[in-house]
Amino acid sequence: MSNTAKVFVPADTTARSLGADNVAAAMAAEAQSRGAAVELVRNGSRGLYWLEPLVEVAVGDTRMAYGPVEPKNVAGLFDASFLTGGKHPLALGPTEQIPYLAKQTRLTFARVGIVDPLSVDDYRAHGGYRGLANAIQMSGEDVVATVTNAGLRGRGGAAFPTGIKWKTVLTAPAEQKYVVCNADEGDSGTFADRMIMESDPFVLIEGMTIAGLAVGATRGFVYIRCEYPQAIRTMRAAVERAVAADLLGEDIMGCGRSFHLEIREAAGAYICGEETSLLESLEGKRGMIRYRPPLPAIKGLFAKPTIVNNVISLASVPIILDKGADFYKNYGTGRSRGTLTVQLAGNIKQGGLVEIGFGPPLRDLLYDFGGGSATGRPIRAVQAGGPLGAYVHPSQFDTPLDYEQFAAVGAMIGHGGLVVFDDTVDMGEQARFAMEFCAIESCGKCTPCRIGAVRGVEVIDRIRNGVNESSNLELLRELCDTMVSGSLCALGGMAPFPVLSVLNHFPEDLKARA
Ligand SMILES: Cc1cc2nc3c(=O)[nH]c(=O)nc-3n(C[C@H](O)[C@H](O)[C@H](O)COP(=O)(O)O)c2cc1C
Ligand code: SF4
C-alpha cells in the first residue's frame with residue numbers, strides 16, 4: 001500500500017472564486033517543505049458551497065473533510081496530522097456523513113466532487129460508461145422506451161417528457177439528425193449545469209452519445225453559456241479524451257457507429273437559452289425565436305430533426321441506462337419521477353446543490369438544508385424557477401417539490417433554482433425588475449413582449465409614485481393578461497408571473513412609496 005496521501009482541493013469555479021487555487025498551492029508547498037508524500041487532486045465541488053474551499057483527504061476508503069480552508073490554515077492542518085484524518089477546528093468528519101450531503105440522493109451527481117473530472121479511468125472506475133455499453137446492445141426504440149419509462153422530464157424548464165421528444169426525432173425520416181445540449185444556464189440562482197460540466201463532464205458526454213446512437217444522430221453540439229469559460233475548457237478537454245479512448249467519434253466502443261461532439265460558446269443573451277433561439281444562434285444567426293410548429297424535433301438545427309435537451313436531462317440518462325427505468329422512477333412523486341437538482345441561492349445560510357427525489361416540501365429545502373436566511377432574518381419570499389418564476393409566499397412553503405403541485409399554486413420548479421429573500425426585500429422593486437428584465441432580454445419579435453414589458457415598467461413606476469394607483473393596478477393586471485396570452489414564447493408569456501405573484505401575495509409592497 002502506498003504511503004502517499006490523496007488530498008482533494010476542488011477546482012470548480014465557485015471554489016476557485018473562494019480561494020481554492022491558493023489553498024492548493026499552499027498545500028503543495030507545505031507538503032514539499034515537510035517532505036510529505038501528497039497527491040493533490042483537483043476534484044469538483046461537493047456542492048456545499050458555504051464550506052468552500054472544502055479540502056478532503058482519503059483515509060482508507062473514507063474521505064475526511066476540512067473547511068472552509070484558507071491558505072493560513074494549511075500549516076496547522078499538517079501539524080494536526082490531517083493527512084490521516086487528525087482533529088482540527090476545521091474538521092467536518094467524514095464528508096459523506098455531513099447531514100447536508102447524507103440527506104441527499106445523488107444519482108445524476110453521483111460522481112461530482114468524487115472523481116478527477118478529466119480522468120476517463122476514474123469515471124469508468126465509478127460506474128461511468130456502463131449505460132452506454134448497455135445502450136449499444138439495445139435497439140434505438142428500446143433505449144427511447146427506457147428513457148420514457150423512467151419518467152424523465154426535461155430539467156431545463158418546461159418539464160417535457162424526454163423520451164417522447166426522443167421518439168419524435170427517432171421516427172422522423174432524415175439523412176442527418178442532431179443532438180443539442182442546452183448549457184446556456186441563464187436562470188437566476190442556477191449552477192447545476194456548470195457543476196456537471198466542470199466536475200463530471202463525461203456523464204454529459206455519455207448521455208449525449210446514448211441519445212445520438214438511439215435516435216440515429218451522428219453529430220451533437222453543447223451550447224455553453226459564454227460566462228462559463230472553465231466549463232467550456234473542461235468540456236473541450238473531456239471531448240478530446242473521450243475521442244482518444246474510443247468513447248466518442250468514430251466506431252464508439254467498437255460498435256461501428258459514430259457520434260461527433262462539438263463545444264460551442266453561447267452568444268450571451270438570456271433568450272438564447274430558449275431552444276429555437278439557441279438553434280438560430282448555433283447556426284450563426286442572431287438569437288431570435290422561431291415560430292412553432294414545426295418543432296425542433298422535426299425541423300431543428302439546419303432544418304434537421306434535433307433533440308434539444310438541458311444538461312441535467314442528458315446527464316441523468318447514463319444512470320437510467322445503467323440501472324434501468326424502474327430504478328430511476330422509483331424515486332419521486334406523482335408525475336415527477338427521479339431526482340431534482342435544487343440550487344439554493346440568494347439570501348440563504350447554506351447555499352449549494354441539493355439532489356433529492358421529488359416530493360419533499362419547499363420548506364425542507366429552505367430550512368433543513370439551507371438553514372434559513374444568511375442574515376438570520378425571516379424568509380419573506382423565494383423566487384423559484386428563474387427570473388420568469390413566481391415569488392413563493394411563506395404560506396406556500398409546504399408545497400411539495402413536484403411539477404404539478406408547484407403549478408397548482410401558480411409557481412414553477414423550472415431548472416430548480418431557488419433564490420431566497422429575507423423580510424427586508426422590496427417586492428414592488430422585484431415586480432418592476434421582472435418587467436425590466438423582460439424589456440432588456442426581449443428578442444423583439446412580438447409586440448406583447450417587446451412593447452408590453454417597457455409599458456410594464458412604466459405602469460409599475462406610476463403605481464409606486466402614487467399616480468392613479470388603483471386604475472394603474474388594474475391596467476397592470478390587464479397588461480399581464482395580454483402578455484401571457486399574446487406572447488410568442490415563454491419570455492414574454494411568463495415574465496408577468498413574478499409580477500402577478502407580487503400583486504396577489506405581497507400587495508402591500510406594490511403601492512405608492514411613502
Ligand atoms: C427565455 C427562455 C430561456 C430559457 N433558457 C434555458 C436555459 O438557459 N437552459 C435550458 O436548458 N433551457 C432553457 N429554456 C428552455 C428551453 O427552451 C427548452 O425547453 C429546453 O432546453 C429543453 O430541454 P429539456 O427538455 O431537457 O428541459 C429557456 C426557455 C425560455 C423561454
Ligand atoms: S415573447 Fe419576447 S422573446 Fe419571445 S418571441 Fe416575443 S419578443 Fe421575442
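1. Two strands are taken to pair if DSSP finds at least two bridges between them, and the helices (H or I, at least four residues) and strands (E, at least two) are themselves DSSP runs, numbered from the N terminus. The model is a predicted one, in which local features need pLDDT of at least 70 and side-chain atom pairs count only at pLDDT 80 or more, while totals for chains, interfaces and linings use all residues. Residues are numbered from 1 along each chain as its sequence is written, chains are lettered from A and ligands numbered from 1 in the order in which they are written, and side-chain values use heavy atoms, with hydrogens and water left out.

2. On the overall fold, the protein chain has 23 helices and 16 strands. Its radius of gyration, taken over C-alpha atoms, is 24 Å, close to the 24 Å that the globule rule (2.2 Å times the number of residues to the power 0.38) gives for 514 residues, so the chain is as compact as a globular protein of that length. Along its principal axes the C-alpha trace spans about 80 × 60 × 40 Å.

3. On burial and surface, 58% of the 514 residues in the protein chain are buried, where buried means under 20% relative accessible area, exposed over 50%, and partly exposed in between (1.4 Å probe, protein chains only). The accessible surface of the chain comes to about 19,800 Å², with 51% of it belonging to carbon and sulfur atoms; these areas come from the Shrake-Rupley method with a 1.4 Å probe, and for residues only the protein chains shown count as cover. Of the contacts (heavy atoms within 4.5 Å) between residues at least 6 apart in sequence, 72% join residues at least 24 apart.

4. On charge, the mean positions of the 49 positive and 56 negative charges of the protein chain are 2 Å apart. Here Lys and Arg count as positive and Asp and Glu as negative, with His and the chain ends not counted, and the place of a charge is taken as NZ of Lys, CZ of Arg, CG of Asp or CD of Glu.

5. Strand β14 (379-384) is largely enclosed by the rest of the structure, because 6 of its 6 residues are buried. It is joined by 5 bridges to β16 (residues 417-422), antiparallel, and in that strand D422 is the bridge partner of I379. A further 2 bridges join β14 to β15, again in the antiparallel sense, with Q383 standing opposite Y391. β14 and β15 form a hairpin with 6 residues between them, and G385 in the turn has a positive phi of about 85°.

6. Helix α23 (residues 496-505) is mostly covered, with 7 of its 10 residues buried, namely P496, P498, V499, L500, S501, V502 and L503. These buried residues pack against β14, β15 (391-392), α18 (427-441), α20 (452-464), α21 (469-486) and α22 (490-494).

7. In helix α22 sits G493, which is buried, with a relative accessible area of 10%. Leaving aside neighbours within four places in sequence, G493 is in contact with M483, V484 and S487. G493 and T482 are 11 residues apart in sequence and 8.7 Å apart in space, C-alpha to C-alpha.

8. Two further residues can be set side by side. T341 has its place in strand β12 (residues 339-346) and counts as buried at 3% relative accessibility; apart from neighbours within four places in sequence, T341 is in contact with F109, A192, I312, L353, V354, E355, H415 and G416. G216, in the loop between α10 (201-215) and β7, counts as partly exposed at 44% relative accessibility, and G216 and E141 are 75 residues apart in sequence and 11 Å apart in space, C-alpha to C-alpha.
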